[in-house]
Amino acid sequence: MSAQIKVAVLGAGGRMGSEAITAVKAAEDMELVAALGRNDELRAVLDAGATHIVDLSVPAATEQNVRFAVENGLHAVVGTTGWDDQKRESLCELLQSKPDVGVLIAPNFALGAVLTSAFAATAAKYFESVEIIELHHPNKVDAPSGTAVRTAELIATARQDAGVAPSPDATETQLDGARGAVVDGVHVHSVRLRGLVAHQEVLLGGPGEQLTLRHDSFDRASFMPGVLLGLRTVASRPGLTYGLDGYLELGA
Ligand SMILES: NC(=O)C1=CN([C@@H]2O[C@H](COP(=O)(O)OP(=O)(O)OC[C@H]3O[C@@H](n4cnc5c(N)ncnc54)[C@H](OP(=O)(O)O)[C@@H]3O)[C@@H](O)[C@H]2O)C=CC1
Ligand SMILES: O=C(O)C1=N[C@H](C(=O)O)C[C@H](O)C1
């Protein structure tokens with residue numbers, strides 16, 4: 001029998017952290033050895049003998065948490081948002097000094113959300129226009145969502161590779177924000193509404209037709225199979241993996 005995965009959850013008191021604790025406790029091949037919040041010393045994960053961390057904290061803390069884990073030889077599964085290009089590049093440099101350590105940064109752990117992004121990237125080169133609407137609960141501290149940013153990046157790459165022109169847009173005057181944020185040339189609109197959890201629509205338009213790809217997470221349970229898959233896989237994938245799609249076979 002292979003050794004237990006000894007897991008420390010960071011952001012333990014949060015909406016995702018508390019759900020992850022339940023999922024890890026229920027997994028037969030895992031042991032929850034530490035659960036840390038804002039005021040806890042990171043050293044506690046070492047004292048507890050963790051082999052893996054799951055970071056579900058806040059954008060302001062996640063980089064420090066993950067770098068601490070890597071520096072100490074722990075694998076990291078990261079769901080927290082805020083990992084821009086610069087932070088990921090800097091983490092890759094750090095990982096070069098720890099060639100056995102794996103990190104997964106997953107903008108979204110839900111299988112349906114990962115598939116939506118992949119389908120959107122596949123479809124994007126066939127349509128003149130593409131825009132994203134992401135809709136979340138009003139307690140979310142960042143906008144646009146990490147998932148929408150990742151989806152826009154994948155769409156932009158697919159369109160660039162195929163030589164597709166930017167989406168047409170004749171807007172000459174606008175109120176600030178009326179056309180949303182622009183991520184790699186893709187407009188992203190953020191809705192914050194009581195009652196929602198995590199939702200995204202990708203709208204693709206061509207002459208006389210529209211394709212809408214929509215994913216809904218109604219419950220944070222939707223993220224847990226992805227968190228557990230990440231924990232079970234990350235040690236066998238040294239270096240940085242960006243996106244759970246890196247651990248899935250998404251081809252036909
Ligand atoms: N990848 C994915 O599939 C998903 C990712 N997310 C992302 O995960 C993150 C957490 O989301 P959510 O659970 O809703 O947020 P919450 O605000 O509910 O939880 C965040 C928790 O982190 C704690 N925290 C703050 N600072 C630190 C620190 N330095 N070390 C450890 N913990 C800390 C907070 O404590 P306190 O309350 O004291 O500040 C809080 O308990 C967000 O970035 C969100 O976008 C969310 C859902 C799915
Ligand atoms: O804050 C959330 O809730 C979520 N955050 C992630 C994001 O920003 O994409 C994942 C999911 O959308 C839920």
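In helix α5, Ala113, Ser117, Ala120 and Ala121 meet Thr147, Arg150, Thr151, Leu154, Ile155 and Ala158 of helix α6, where being in contact takes C-beta atoms, placed from the backbone, within 7 Å. By class, this contact of α5 with α6 has six nonpolar, three polar and one charged residues. Here Ala, Val, Leu, Ile, Met, Phe, Trp, Tyr, Cys and Pro count as nonpolar, Asp, Glu, Lys and Arg as charged, and the others, Gly among them, as polar.

Before going on, a word on the model and its numbering. This is a predicted model, in which local features need pLDDT of at least 70 and side-chain atom pairs count only at pLDDT 80 or more, while totals for chains, interfaces and linings use all residues. Residues are numbered from 1 along each chain as its sequence is written, and chains are lettered from A and ligands numbered from 1 in the order in which they are written.

Back to the helices: α5 (residues 111–123) and α6 (residues 146–162) pack at an angle of about 25°, with axes 8 Å apart. That makes α5 roughly parallel to α6, a label for angles under 35 degrees. Axes are lines fitted to C-alpha atoms, for helices over the stretch in contact, and angles run from 0 to 180 degrees between N-to-C directions. Helices (H or I, at least four residues) and strands (E, at least two) are DSSP runs, numbered from the N terminus.

Both helices also lie across strands. For α5 these are β9 and β10, and the helix runs at about 160° to β10; α6 lies across β6, β7, β8 and β9, at about 165° to β6.

Now look at the open sheet, whose five strands follow the order β7-β8-β6-β9-β10 with mixed pairing. Two strands pair if DSSP finds at least two bridges between them. At the edges, β7 (181–183) and β10 each pair on one side only. Two of the pairings are set out here:

| Strands | Sense | Bridges | Partners |
|---|---|---|---|
| β9 (residues 198–206) and β10 (residues 209–217) | antiparallel | nine | His199 and Asp216 |
| β6 (residues 129–136) and β8 (residues 186–192) | parallel | six | Ile133 and His189 |

The hairpin of β9 and β10 has two residues between its strands, and Gly208 there takes a positive phi near 75°.

Of the 25 residues around ligand 1, Gly11, Gly14, Met16, Ala61 and Gly79 come nearest; a residue counts as near if its C-beta atom, placed from the backbone, lies within 6 Å. The elements giving two or more residues to this shell are α1 (15–26) and α3 (59–71). The shell divides into 11 nonpolar, 12 polar and two charged residues.

Definitions and conventions
Angles under 35 degrees count as roughly parallel, over 145 as roughly antiparallel, 65 to 115 as roughly perpendicular and the rest as oblique. Two residues are in contact if their C-beta atoms, placed from the backbone, lie within 7 Å.
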